[in-house]
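Here is a short briefing to read alongside the model. Take a look at the sequence and the structure first, then follow the notes below.

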Amino acid sequence: MSGLDLPSEGAGLRRATRDDLLGLPVDIAPRLLGARLCTVVDGEEVRIRITEVEAYHGAGTGGIPDPGSHARMGRTARNATMWGEPGHLYVYLSHGIHSCVNVVSGPEGSAGGVLLRAGKVETGAAVAAVRRGVRGGFGPGVRPEVGSELSRSEGRMGVRAPVDADSAEFSTRQLRDLARGPGRFGQASGLRHPRHDGIDAISGAERAGARAELWLADPLDEIATGPRVGVAGVAGTDAFPWRFWIPQDPTVSPFRWGRGAAEAAVGRDAPGDGPVLE
DNA sequence: AGGAGGATGTGCT
DNA sequence: GCACATCCTCCTA
């Protein structure tokens, strides 16, 4: 994959090692901001710069209780990947529809992971758009004469040129949304539950027709933190900020109060764009 | 065996 | 803003 073509110096990127992911998820999570996840699925490569993550703990991860974790009730067939070697990807199905991607962290035998919530597609945007069902605009050479009745009509009807990904043109909004949100991120990456669950992003070994690589970037100057989406307000979890994102980044998903969070948040400020560290 | 609910996203009103 | 898609997992009977 062209992940191997990435400049290892200058861009400040290097392949993540298993040791990089040995710490608690809450410590690893901010280190994954600015990192790249490169995937090749069915021969098609996509590279995503990670802009938003959440830490999830389980038994063995520093004794920190985490009611929001899939591993909260112990080891099961579903969450087995979270208990394994760090650096593998825990791919789970959300709401029967979305495949969401976590980087397993913490030592083998403990359950922990970092949910990749959002990112910017740097390479393979056209491939990601096809996977997401996003229809690009008219590409070069197929765009009808501007102002023609045909083009206006087709535009209104949503009829588009063939999704020849490389020639299609996408709006800035379409590009921003390609991996904005965990479900979209998973779809853009091409990794899917259940066949890619457990794929190793350190070795890059092939699994079910896919390969994945994780590249770490230099630490960022500014990182924002706040409550996790969907589990904010669950007792015990908002004692620590377990959601991290790159401030001002347009690809970060909009915050939504989780179940029960509204009540728990009475008398507190909304997280908004959150506190900024460093 | 049956059912509730989920680390969500989309499209329509 | 609200309904709904869609299916797996775990809890209860």
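## Overview

Of the 278 residues in chain A, 46% are buried, where buried means 20 or more other C-beta atoms within 10 Å of a residue's own, with C-beta atoms placed from the backbone. This is a predicted model, in which local features need pLDDT of at least 70 and side-chain atom pairs count only at pLDDT 80 or more, while totals for chains, interfaces and linings use all residues. Residues are numbered from 1 along each chain as its sequence is written, and chains are lettered from A and ligands numbered from 1 in the order in which they are written.

**Fold at a glance**

- Chain A holds 6 helices and 10 strands; these are DSSP runs, numbered from the N terminus, with helices (H or I) of at least four residues and strands (E) of at least two.
- Among contacts in chain A with a separation of 6 or more, 71% join residues 24 or more positions apart; a contact here is a pair of C-beta atoms, placed from the backbone, within 7 Å.

**The nonpolar core**

- The largest nonpolar core contains 61 residues; such a core is a set of buried Ala, Val, Leu, Ile, Met, Phe, Trp, Tyr and Cys residues joined through C-beta atoms within 7 Å.
- Strand E3 gives the most to this core, with 6 residues.
- The residues with the most contacts inside the core are Leu32, Val53, Leu89, Val103, Val114 and Leu116.
- Leu116, in strand E6, is buried, with 28 other C-beta atoms within 10 Å.
- Not counting residues up to four places away in sequence, Leu116 touches Leu37, Ile50, Val53, Val101, Asn102, Val103, Pro182 and Phe185.
- With neighbours within four places in sequence left aside, the contacts of Val53 include Ala29, Leu32, Leu33, Val114 and Phe244.

- Helix H2 (residues 125-132) is largely enclosed by the rest of the structure, because 6 of its 8 residues are buried.
- Those buried residues are Ala125, Ala126, Val127, Ala128, Ala129 and Arg131, and they pack against strand E3 (44-57), E6, helix H4 (172-177) and H5.
- Gly133 follows H2 and has a positive phi, near 75°.
- H5 is mostly covered too, with 7 of its 8 residues buried; Pro182, Arg184 and Phe185 are among them.
- The buried residues of H5 pack against strand E2 (36-41), E3, E5, E6, H2 and H4.
- Just after H5 comes Gly190, with a positive phi of about 85°.

**A strand pair**

- Strand E4 (residues 89-94) runs antiparallel to E5 and is joined to E5 by 6 bridges; two strands pair if DSSP finds at least two bridges between them.
- E4 and E5 form a hairpin with 3 residues between them, and His95 in the turn has a positive phi of about 55°.
- Leu93 stands opposite Ser99 in E5.

**Around the DNA**

- DNA strand B is surrounded by 22 residues, the closest being Tyr56, Leu115, Gly181, Gly183 and Gly230; a residue is near a strand if its C-beta atom, placed from the backbone, lies within 6 Å of it.
- Strand E5 (98-104), strand E6 (112-123) and helix H5 (182-189) each give two or more residues to the surface near DNA strand B.
- That surface divides into 7 nonpolar, 13 polar and 2 charged residues; Ala, Val, Leu, Ile, Met, Phe, Trp, Tyr, Cys and Pro count as nonpolar, Asp, Glu, Lys and Arg as charged, and the others, Gly among them, as polar.
- Around DNA strand C lie Met73, Thr76, Ala77, Arg78, Asn79, Leu93, His95, Gly96 and Ile97, which divide into 4 nonpolar, 4 polar and 1 charged.

Notes. Buried ≥ 20, exposed ≤ 12 C-beta atoms within 10 Å, placed from the backbone. Contact = placed C-beta atoms within 7 Å.
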